[in-house]
Amino acid sequence: RERSGGQGEGPGGRRTDPAFPACRSVRAPRARGPAMSNVDLVRAIRGTRNSVTEAHEETLEEIYQFFEHLRTKVPAQTGRSGQNFTPVPATCKKNYSLPENVTDWFVPRGVSRAYWTAEGPDDDKLHEHVAMLYRLGIPTFLREQPRPSLMKLFVSVEAYVRDEVLPADEAERREKWMSLREELMCFVVREMAAVVSGLFRAKSQNMVAVLDASGYSPADGRWKLSLRINFTEVAVSQDIANRVRTTLAANLDESWSSARPQALATALEPVENPPPQAARGASAGPDVPAAATDKARSFWERILDERALNRRANHRLLWCDIDRGDYGLPEERPLIPWALLNVTSRSGGAPPDVAHVEQEKDIPDAEWVKLGSTHTPSTSPTDFWNAPQTRSLPTAIPQAIAPMPKAAVPSAWPSAIQDLWEQHPQQQPRFGGLWYSYVDERGKPYYHNPTTKQTEWKLPPGAQLAPPAPQLQQQQPPQQQQQQQQQ
């Protein structure tokens, strides 16, 4: 399929090429017969083991047109913050791509590498379409490009399950899988919550999203436990995330040696993945096949996948599958929601309380994508315990402090988090200090508070906007000074 007006097109802008591949590999070259429908193309590329029928033609066409609307030739530049950059706006562009040499039914013929850029309502719509493709039995392979300067704190857990511990009966095997997942999740989450509460300010309570891609791996020929554990309210840089992972692995090894859960001890076997520097020739990330081993590392160093926090890694989107092996066949292990947890740390060294959020089953598919994404709605990192709570300002500048209004809760947060925010008003931050006005690349104004490190599209009620004084203009970033000089 080509864009309208391309050469060799038939009715409706469809490519009229009689050549058609019989291979179901997602790495096969894309071609179509005369005036092929979307349903025919899905069946040709993805096979017939799915729920797609002729009745889904309009839905598939809508999805195709939407992806074409977002498709770009190169990834968009995402916002950055730091000494030489303006604060990141409240909403940033997100880049999505398919793994190298992988295509799908909605990628036009002749496009060797497709990228999609979305933000705001378009990003929400993309999440809905990705969930719909999963429901139809044809999950796609989209990956999101992380923002190394600021992301959610997460870890990727990968372990083989020994064949001898899995019952032959299907019902018993399913029950065994659920038990292993739950026990592994609680064991890692409790240790990670202890690390988080010890490092970050006011993080005794955390909302944790757990995603699951467990199952049989055809590429490895083994049963696999695969979890992504997201601390949704902790924002860190990629370097800090790596340090947290190292500390967590050491704590898990210590707990494992003293009080390991018997069921996990007899079932788990580490996945021998190559370190990030050894896998640079491959597609970086937690789903790259192993090319080297490093048995010198500890048990949990190998289970907490280091490649997921490599700077070259892209992260699989929720509801999406991966391709593995020499033929690029789908693994049929899509990443799906497993649990939404409320984790509360306790004093005196007692284990944290882990409780399932009651409304986790009522969360819409698209909001689960936000919870499972490594992108964070925060515009600044979570403070450490030893970090100063406020930044000093000149005494001549008054401070305007007002309680955070309900309307100022970031709109990018899912409703489940917004509800939790409203239920605990005593934990809400306060607007302290002056707010400064900036303009994004499209000319849209937004506001940043250097005291609280918050960024909003609208000036919060009760907040005070900084006057355009000469001493404030001198503190502007170099890029903004150059733009003003050109104007």
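Colleague: Why is Ala267 called buried?

Modeller: This is a predicted model, and in it Ala267 has a relative accessibility of 0%. Buried means under 20% relative accessible area, so Ala267 counts as buried.

Colleague: Where does Ala267 sit, and which residues is it in contact with beyond its neighbours within four places in sequence?

Modeller: Ala267 belongs to helix H6. Leaving aside those neighbours, Ala267 is in contact with Tyr160, Val161, Arg162, Val165 and Leu180. Val165 is 102 residues away along the chain, yet the C-alpha atoms of Ala267 and Val165 are separated by 6.1 Å.

Colleague: Where are Trp319 and Glu332 placed, and what is the phi of each?

Modeller: Trp319 lies in the loop between strand E10 (315-316) and strand E11 (323-324). Its phi is positive, about 75°, although Trp319 is not a glycine. Glu332 is in the loop between strand E12 (329-330) and E13. Phi of Glu332 is near 60°, again a positive value in a residue other than glycine.

Colleague: Which residues meet where H2 packs on H3, and how many are nonpolar?

Modeller: From H2, the residues are Thr59, Leu60, Glu62, Ile63, Phe66, Phe67, His69 and Leu70. They meet Asp122, Lys125, Leu126, His129, Met132 and Leu133 in H3. By class, this contact has 8 nonpolar, 3 polar and 3 charged residues.

Colleague: How do you know that helix H8 is mostly covered?

Modeller: In H8 (residues 365-372), 7 of the 8 residues are buried. They are Ala366, Glu367, Trp368, Val369, Lys370, Leu371 and Gly372.

Colleague: What makes up the largest nonpolar core?

Modeller: That core has 49 residues, and Leu153, Val157, Leu184, Ile229, Phe231 and Trp300 touch the most other members. Elements that each supply at least two residues include strand E5 (151-161), helix H4 (170-199), strand E8 (222-236) and helix H5 (238-259). H4 gives the most, with 12 residues.

Colleague: And which residues does Leu184 touch, not counting those up to four places away in sequence?

Modeller: Leu184 touches Val157, Leu225, Leu227, Leu264, Leu268 and Trp300. There is also a second, separate core of 44 residues, which includes Val52, Leu98, Leu142 and Ile363. As background, nonpolar side chains tend to be buried together in soluble globular proteins.

Colleague: To finish with the whole chain, how many helices and strands are there, and what percentage of the residues is buried?

Modeller: The protein has 11 helices and 20 strands. Of its 487 residues, 52% are buried. Among contacts with a separation of 6 or more, 71% join residues 24 or more positions apart.

Methods: Residues numbered from 1 in each chain as written. Predicted model: local features only at pLDDT ≥ 70, side-chain atom pairs only at ≥ 80, totals over all residues. Heavy atoms only, no water. Contact = heavy atoms within 4.5 Å. Nonpolar A, V, L, I, M, F, W, Y, C, P; charged D, E, K, R; others polar. Buried < 20%, exposed > 50% of the residue type's maximum accessible area, 1.4 Å probe, protein only. Core = buried A, V, L, I, M, F, W, Y, C linked by side-chain atoms within 4.5 Å.
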